Amino acid sequence: MLVLVINCGSSSVKYNLIQTEDEKEVCSGMVERIGAVTAIIKHHPANSPKTKLTKFVANHSDALQEILNYLLDEDNAIIKTPDDIKAVGHRVVHGGEMFKDSVLIDNIVKDAIEQAFDLAPLHNPPNLKGIEAAEERLPNIPHVAVFDTAFHHSLPPHAYLYGIPNRLYRRHKIRRYGFHGTSHYYVSRQYYKLTDKPKADTKVISCHLGNGASITAIDGGDSVDTSMGFTPLSGMVMGTRSGDLDPSILFYIIEKEELQLNSLHSMLNRHSGLLGLSGYASDMRDLIAEANNGDRRCQQAIDVFCYNIKKYVGSYMATMNGCDAILFTAGIGENSAYIREKGLENLEVMGIELDKERNENAKRGEITKISTDSSATDIYIVPTNEELVIAIDAAKIASASNQSPWV
Ligand code: ADP
């Protein structure tokens, strides 16, 4: 089935057109800077060169039309009519407590996504905007919402409750939700496919290390703990997000720096993490290059990031009573041998032995074992593919089949 996967930000629409039978991407691209004087429009058809142009795009609905125009263009020969697209899969960041699976979008689902606006003010409003724009442009096909939080629905109360008055959970649903669920789900399923260990008896720690980063403990196929919490701000130090803090620091900063709440929000989300620590960059490649040139603060930012990896891996080994595999994914996890090595250094005592040569020589974009043969815990690089999970879920729901291709 040909499925259009859509991921909307406040001023961007990313898309992937995926043929689900053979799990092949037909075309991908994005429209950025929607509403600005010139938007940037990029397309990348499979087996053809990328294209890029700039023009004014007023809103998300027009961005969707731009994408459809490109796919329908006779010269590009990607689809003949909009009817070739059989379903649309929408990435939705926050499903609150309501959604433990992907769902066919109707008015009730849209209301629920809107109710979660307060929980994810940066993500859910543009996600809903994207749904409404796509429904307008492709009105006759099923639209399916796939939630970043859904995979973490299995967290037990001792992992999702915070140590604050319980009424705040009951009244306002303040709890750990967790994010990057489709990625943690996908890479763990890829690992099960590789091994003959039964899923029910397999314990995995999945490290999604990109600009946003989270680590998840997966026991018997279910997420049982994860580093992100009520919002994607918590857990590990990330590109620009602070990760976990002593909450008293917030009161202290407000007082000492005379900050308004919205400035504090922006500081913690956009100017903290690796960027804040280094004072130089949020991008790991830039930090590694500058640290190699002798910049002490860049090296410190890297050290904090790697120490975070080690702390989460160690604590999830403890809470799960062991671990069969550690999986690395996303931009940093897939591409940086240095961060993988530093994040798992000196963990031999826990049965974690990285093979330095395999780690260094891992081929980009391939599932690769990087542990030694004697390591009690497997270590793998598993390239993520969140869009494929979204496409397959959308196809499954659109065809009303309950058969999941995933184990
Ligand atoms: P997101 O999807 O969260 O925006 P990505 O998964 O694309 O992020 O990851 C982006 C991060 O991956 C950046 O910090 C980037 O520097 C890092 N990255 C990509 N390639 C490498 C590499 N070869 N070495 C180190 N870091 C890398």
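How many disulfides does the structure hold? The structure holds zero disulfides, a disulfide being a pair of cysteine sulfur atoms within 2.5 Å. The model is a predicted one, in which local features need pLDDT of at least 70 and side-chain atom pairs count only at pLDDT 80 or more, whereas totals for chains, interfaces and linings use all residues. Residues are numbered from 1 along each chain as its sequence is written, and side-chain values use heavy atoms, with hydrogens and water left out.

For Cys-298, which is in no disulfide, the nearest cysteine sulfur is that of Cys-306, at 13 Å. Cys-27 has a relative accessibility of 0% and counts as buried; buried means under 20% relative accessible area, exposed over 50%, and partly exposed in between, with a 1.4 Å probe and protein chains only. Cys-298 is likewise buried, with a relative accessible area of 0%.

The domain assignment of the protein chain gives domain 1 (2–147) and domain 2 (198–386); such bounds come from an automatic or database domain assignment. The centres of the two domains, taken over C-alpha atoms, are separated by 29 Å. Four residues of domain 1 are in contact with five residues of domain 2, contact meaning heavy atoms within 4.5 Å. Between them the domains bury about 450 Å², of which 63% is on carbon and sulfur atoms. Buried area is the accessible area (1.4 Å probe) that two parts lose on being put together, summed over both. Of the area that domain 1 buries against domain 2, 65% is supplied by Leu-119, Leu-122 and His-123, more than by any other three residues.

Helix α2 spans residues 107–115; helices (H or I, at least four residues) and strands (E, at least two) are DSSP runs, numbered from the N terminus. Its buried residues are Val-109, Lys-110, Ala-112 and Ile-113. These residues lie on the same side of α2, because they cover an arc of only 160 degrees around the axis, the arc being that of the directions from the helix axis to the C-beta atoms. Among the elements covering the buried residues of α2 are β6 (87–92) and α3 (124–137). The face turned away from the buried side carries the exposed residues Asn-107, Ile-108 and Gln-115.

His-184, in helix α6 (residues 181–194), is buried, with a relative accessible area of 0%. The side chain of His-184 makes a polar contact with that of Ser-206 at 2.6 Å. A polar contact is a pair of N or O atoms within 3.5 Å; within protein, one must be able to donate a hydrogen and the other to accept it, and residues adjacent in sequence count only if both atoms are side-chain atoms.
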